[in-house]
Protein chains: 4
Amino acid sequence: MKLKRKLRYGMIGGGRDAFIGAVHRMAANLDGQIELVAGCFSSDPGRSRLSGLDLFIAPERTYSSYEEMAKAEAALPEDQRLDFVSIVTPNFLHFPVSKCFLEAGFNVICDKPMTFDLKEAKALKKIVEKSGKVFALTHNYTGYPMVKEAREWVKKGKLGNILKIVAEYPQDWLLSALEADDQKQAAWRTDPKRAGASCCVGDIGTHAENLARYITDLEIDEICAEFTSFVPGRTLEDDGNMLVRYKGGAKGIVYASQISSGEENNLSIRVYGSKASLEWHQENPTDLVVKYPDKPRETLKRGQGYLTPVAQAACRIPPGHPEAFLEAFANTYTNAAEAIADEIQGKYPRKKGYDFPNVDDGVYGMAFIETCVKSAKAKKWTKFPKL
Amino acid sequence: MKLKRKLRYGMIGGGRDAFIGAVHRMAANLDGQIELVAGCFSSDPGRSRLSGLDLFIAPERTYSSYEEMAKAEAALPEDQRLDFVSIVTPNFLHFPVSKCFLEAGFNVICDKPMTFDLKEAKALKKIVEKSGKVFALTHNYTGYPMVKEAREWVKKGKLGNILKIVAEYPQDWLLSALEADDQKQAAWRTDPKRAGASCCVGDIGTHAENLARYITDLEIDEICAEFTSFVPGRTLEDDGNMLVRYKGGAKGIVYASQISSGEENNLSIRVYGSKASLEWHQENPTDLVVKYPDKPRETLKRGQGYLTPVAQAACRIPPGHPEAFLEAFANTYTNAAEAIADEIQGKYPRKKGYDFPNVDDGVYGMAFIETCVKSAKAKKWTKFPKL
Amino acid sequence: MKLKRKLRYGMIGGGRDAFIGAVHRMAANLDGQIELVAGCFSSDPGRSRLSGLDLFIAPERTYSSYEEMAKAEAALPEDQRLDFVSIVTPNFLHFPVSKCFLEAGFNVICDKPMTFDLKEAKALKKIVEKSGKVFALTHNYTGYPMVKEAREWVKKGKLGNILKIVAEYPQDWLLSALEADDQKQAAWRTDPKRAGASCCVGDIGTHAENLARYITDLEIDEICAEFTSFVPGRTLEDDGNMLVRYKGGAKGIVYASQISSGEENNLSIRVYGSKASLEWHQENPTDLVVKYPDKPRETLKRGQGYLTPVAQAACRIPPGHPEAFLEAFANTYTNAAEAIADEIQGKYPRKKGYDFPNVDDGVYGMAFIETCVKSAKAKKWTKFPKL
Amino acid sequence: MKLKRKLRYGMIGGGRDAFIGAVHRMAANLDGQIELVAGCFSSDPGRSRLSGLDLFIAPERTYSSYEEMAKAEAALPEDQRLDFVSIVTPNFLHFPVSKCFLEAGFNVICDKPMTFDLKEAKALKKIVEKSGKVFALTHNYTGYPMVKEAREWVKKGKLGNILKIVAEYPQDWLLSALEADDQKQAAWRTDPKRAGASCCVGDIGTHAENLARYITDLEIDEICAEFTSFVPGRTLEDDGNMLVRYKGGAKGIVYASQISSGEENNLSIRVYGSKASLEWHQENPTDLVVKYPDKPRETLKRGQGYLTPVAQAACRIPPGHPEAFLEAFANTYTNAAEAIADEIQGKYPRKKGYDFPNVDDGVYGMAFIETCVKSAKAKKWTKFPKL
């Protein structure tokens, strides 16, 4: 049930110069149902304070450390207390910050990949379960209406048996050694101490994997991965190609690259079934193409009345007025907010489930990264672990 | 100069079941710099009240009439008073509501077409000038970054002399007689008493005209228009085709249609110069294509570092994460908000000017509509009036 | 009925440096059913002779004038005599050469526009009728399979009533004053003595008109045209924009341009009906897009089994192996050859008719050009003549 | 040097109901430089005879067996003798037929894959070398002008170092068990006795490999392949996914599929270099897209004056008049014919080399197939053999 007030949230990370924090804030702002009232925007207290001013946050609710923030906010009276926090720090902090706020009684929305490694992910899962709180992971691409439409098509059997998946995510932003110039994003993402065992697959390969799983519900059986660090001096991979065997016999190609010249965020997926196939491109997210062996291909368009209710519900404006990345990201927030409102009202979780990526998706994603790393090192087909 | 607080605004129109009001609100929300605090959301007081509750507006600031709202809000102390109002009513109310709030001392953002007819438009211009307030008109398509890029290319002479413009805006939503079923939007837009002398050209043809003028700065000399009401029983045109002669010798085709089966909001523009041409499509707003007679065509992409500063400033997120309609609409709000902040601080207008559609654009648009109507009736080439 | 031998033909025009002659020859060659055995390839006898050698034509069948050729070839025994001639000269020669060969007893395939003016066109029609011979006009774009599919869809009523047509043909090859450099093609096409009363509309506007009429069968009622000569010193128009009223109430925009920077041969057509619309682009001729108001848009693809038999019969190879301009041109030849084979066997014309542009299309095209010229000069809506 | 007459050729295979034979004939016909004068069109003498009549072949030059044909044709006087033969039989006959005609003194154009297995391929190489005759293999996709342009860009270093290749060839024609219905093409292609050790990779995977190698000149070091037979009862694979390591450090994904619903012949390639990348799609062969990390992407178009001379020479008609599959196939014929004319005139081979796929490409392709088969069976990375 909807609340009769806006939801209040705080942010950890996302100060001046950060990228993804601003995206989370715009996503939260869009529908006018959520307001930002507190934050620890940087590990640098000065930067945190200035960022708070930029965002019209009361100075007394702008913090210098997340531990301090958790403590102070937990002590506030109910009508001021945060309904949730958004965690938009580098990867290695996702676990401790999530743990801290969950244990302090807050619902959490966290950026991906969920943790530093699979072990942490499993630990976090236990913490979430123990807390009874909402934990949402921003695998934001599943927020696109046409991705939801794709999922519905598969669910309803309109593709027949799934035979093959091709999921790609090429970018070019690490084609040169940005980390040598101390570009902040590049520096931590290519640093095994802050990013974990993988750069490219951890950052964007997981998005491709998550997208494929969201649409098809297929589980991975084995992976053969190949990692390359094309840029001299780089420790972690900037390109990863994977052959995938799914349980039940479907086959997949999943690849991610950060050195593919001229590619922006060219995430795409093709799902081939025995009756029909689907194709979707993140850079042109409005269209979902359905291809049949024996009749004209169809292009389904965002916002149209012929879409499934799930896809229609994810649209804000009529067809032909394109919605894009921020609206999809906002859908993840909206769906998580629905659960958070339930939690506040003591009605969480509902039986019917929710449509946002959760801690299980995070565990799965970390297992995917770990299996890819293992396979690439061993240079052979590697079994996906039991979770 | 930016304010150290969020801007406060009120809305007239845009209650439950309305379309464009929600778009204005999302546009205003996106950047977290503007908050909605008052409104008269419907001419039906009950609907206005319920809409206010949906939007978390204090009941005492949800009004039953716009006159009442103007009076009550003007009486509030400065630290609560509205910084501006957004007017999202049917066309025939744009003038009286704008007049009312401007004269009560408020800045105004108004939906288009600006007024019921050209006479009102000219009258409004005088009121705006007398008031010294900001008046912004939401010809939102000029908020797209790649439209701004296009304008910069023309300004810098990179296209050479402009020879020809082809601007199109086909839709299909009036292909059947929706107004007969009392669909609210269709009912007022096809009703000459509420929409004015034109349906299709007034609603969307003006967008095409405004887009062409924004990009090229060309002024119209003569128009030969043809209007058709394809749907039986409809008084106003649902399709309008125009040949245009611009001052200086360029030629144009501008057309709008609401009966073009399967078209959503397929606004597009091609501008042909003596050295190069540009092509842009609203439904794929990320790309601006430049075509040369003697070298490969180029596709410029939103968010890239090679764009002009004006276009870059209109982007929120990196290339490859598509931004779309709502972000473009938000740019119109952001740019108007900049002027409003100036006005509040006694610094309006700045010498350098602002980048949002204003009362002059509204007068021009009304003159365009009126000239088209006149030409179509007379079935001949018709001079554009002096303004 | 097919002949048990290849058809023999001769060519007038199309020597070294010509453009369209080579296209006709490739079109004739493609299926191995037609052979070139004679020709008068240039008004310059030396060039004609050299061109004949290039093409492996027996020297005694390479002529210095078309009159000589007609006479000599008519005198050959039946088993050597030409089955038809192809006329690929500049426009002003189409009439006399056609007349000469028709009266000498030959079937004719002629390039477009058919004649120098409407008067000649009507005269030619009488000559053709009197001769009893086959006369085919290479409005080649109607040879594309997906254009044939479009025609079938309209015929079967799948679009409902046709409401609107938008047919465009922009190019850029005359953006600079090529004729000043004596470029052969540009020189005659911009010369009223050799090209006729129109350059751009005569050369390519007629293609757009023919395409629209082929697909819809609609007849023109009135035209409002605007012609511009953008390049200084050019007498004939290099850009023509037309509003068109069709009998029965449909409306059209037909435009042609030769000064549109970066456009190659961007012929396209959109046909909007009360139930559905069609869109086709010559530069991507494989796809025919169907757009509905209430269901996903469909992309029909060349070669597929779901196409109408007429479209399938116009395909040579399976889907996904693109066929293009030359294959479409060859279809015009193939269909004309079918009639020519009938004529040779005394079975021409068949009751069921043929699918190639004929002398009536030529007359219609010349009337279109003449009406556009008249309207543009008078600067007003102009009635299409009775034919 | 060009001959002063048409080249004469004979065909083995390609009778009624065959597919690729007709393609070879149209390719040979297109430019009017080559004529078909003899053939053994089917292993069924009756079908061969009827096919010969369809093609206007003299009955005495229509044969019942290829051995008979080779013997009879070799005995003809020089001015009637064949300049070459085209072999368009199922795979298992490529070797014996090629051997037979090469040893009888004829030049050969042969369809791909070259032989039944690598051993035969190596044997054929020796036979070709010993014969001194021209042997061309119709890896026709390298005949596309924009593929040639791509090759030139790589050669000139405009992409920098090649880092990654993604080559894909999905189709759907074997999505159902056509072979069970005795569809002729499907029957032999899925039969290990006639097609060899691979169906999908042998038929189309080799095209993708050949295309990648033609453009980049990279040699394969190792392959990890996965083969699947999705259709029950099928022995050979109908889908093959390969990770590829190239010598020098580049990485590749090469995949082929015949069960990808709704895919026609969606061959595409992306080549990523350290400075720029290229993208080309066979179904839209006119465009070559170049993507840079820091400037607008470019679309190069067939036929334009800014292309490299090699690409321009492969075009027949101006830009905007699309050329497609048959014209590309014809380019392979034209380039082979150039060598054949040299051979006839005792000038073969020229020092500068030729631009058509030859016996070395055939050996490489067979090694590719064999390595894929081996890797897929062993389920591990497998070294490419020394050749």
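Predicted model: local features only at pLDDT ≥ 70, side-chain atom pairs only at ≥ 80, totals over all residues.
Asp221(A) counts as partly exposed, at 22% relative accessibility. That value sits just inside the class, because buried means under 20%.

What does Asp221(A) pair with? Its side chain meets that of Lys383(A) in a salt bridge, with 2.9 Å from N to O. Lys383(A) counts as exposed, at 51% relative accessibility. The cut-off for exposed is over 50%.

As background, side chains of opposite charge can pair when their charged atoms come close. How many salt bridges are there over all chains? A search of the whole structure finds 144. I will go through two others.

Next, chain B. The side chains of Glu73(B) and Arg61(B) form a salt bridge at 2.7 Å, N to O. This pair links distant parts of the chain, 12 residues apart: Glu73(B) is in helix H3, residues 66–74 of chain B, while Arg61(B) is in the loop between helix H2 (45–54) and H3. Are these two residues buried or exposed? Both Glu73(B) and Arg61(B) are buried.

Then chain D. Here Lys247(D) and Glu219(D) meet through their side chains in a salt bridge of 3.7 Å, N to O. Lys247(D) is in the loop between strand S8 (239–246) and strand S9 (251–257) of chain D, and Glu219(D) is in the loop between helix H9 (200–216) and strand S7 (220–228) of chain D, so the pair ties together parts that are 28 residues apart in sequence. Lys247(D) is partly exposed, with a relative accessible area of 45%. Glu219(D) is partly exposed as well, with 43%. There is also a network: salt bridges that share partners join Glu222(A), Arg245(A), Lys251(A), Glu226(D) and Lys379(D).

Ile215(B) is part of helix H9, residues 200–216 of chain B. At 3% relative accessibility, Ile215(B) counts as buried, because the cut-off for that class is under 20%. What is Ile215(B) in contact with, leaving aside neighbours within four places in sequence? The partners are Val147(B), Ala150(B), Arg151(B), Val154(B), Ile269(B) and Val271(B). Met146(B) is 69 residues from Ile215(B) along the chain, and their C-alpha atoms are separated by 10 Å.

The other one is Pro145(D), placed in helix H6, residues 145–155 of chain D. Pro145(D) counts as buried, at 6% relative accessibility. Beyond its neighbours within four places in sequence, Pro145(D) is in contact with Arg302(D), Ala311(D), Ala314(D), Cys315(D) and Asn331(D). Between the C-alpha atoms of Pro145(D) and Val271(D) the separation is 17 Å, and the two residues are 126 apart along the chain.

Let me move to the interface of chain A with chain B. The size of an interface is often given as the accessible area lost when the parts come together. Between chain A and chain B, the buried area is about 3,000 Å², and carbon and sulfur atoms give 62% of it. Which residues of chain A lose the most area to chain B? They are Phe56(A), Glu264(A) and His321(A), together 22% of what that side buries. The elements giving two or more residues to the side of chain A that touches chain B are helix H1 (20–29) and helix H11 (325–344) of chain A. By class, that side has 17 nonpolar, 8 polar and 12 charged residues. The contact takes 37 residues from chain A and 37 residues from chain B.

How many salt bridges are counted between chain A and chain B? The count is 0. Polar contacts between chain A and chain B come to 16 residue pairs, both residues being at pLDDT 80 or more.

Technical notes: Residues numbered from 1 in each chain as written. Chains lettered and ligands numbered in written order. Heavy atoms only, no water. Contact = heavy atoms within 4.5 Å. Buried area = accessible area lost by both parts, 1.4 Å probe. Salt bridge = Lys/Arg side-chain N within 4 Å of Asp/Glu carboxyl O. Polar contact = N/O pair within 3.5 Å; in protein donor to acceptor, adjacent residues only side chain to side chain. Helix = DSSP H or I, 4+ residues; strand = E, 2+ residues; numbered from the N terminus. Nonpolar A, V, L, I, M, F, W, Y, C, P; charged D, E, K, R; others polar. Buried < 20%, exposed > 50% of the residue type's maximum accessible area, 1.4 Å probe, protein only.
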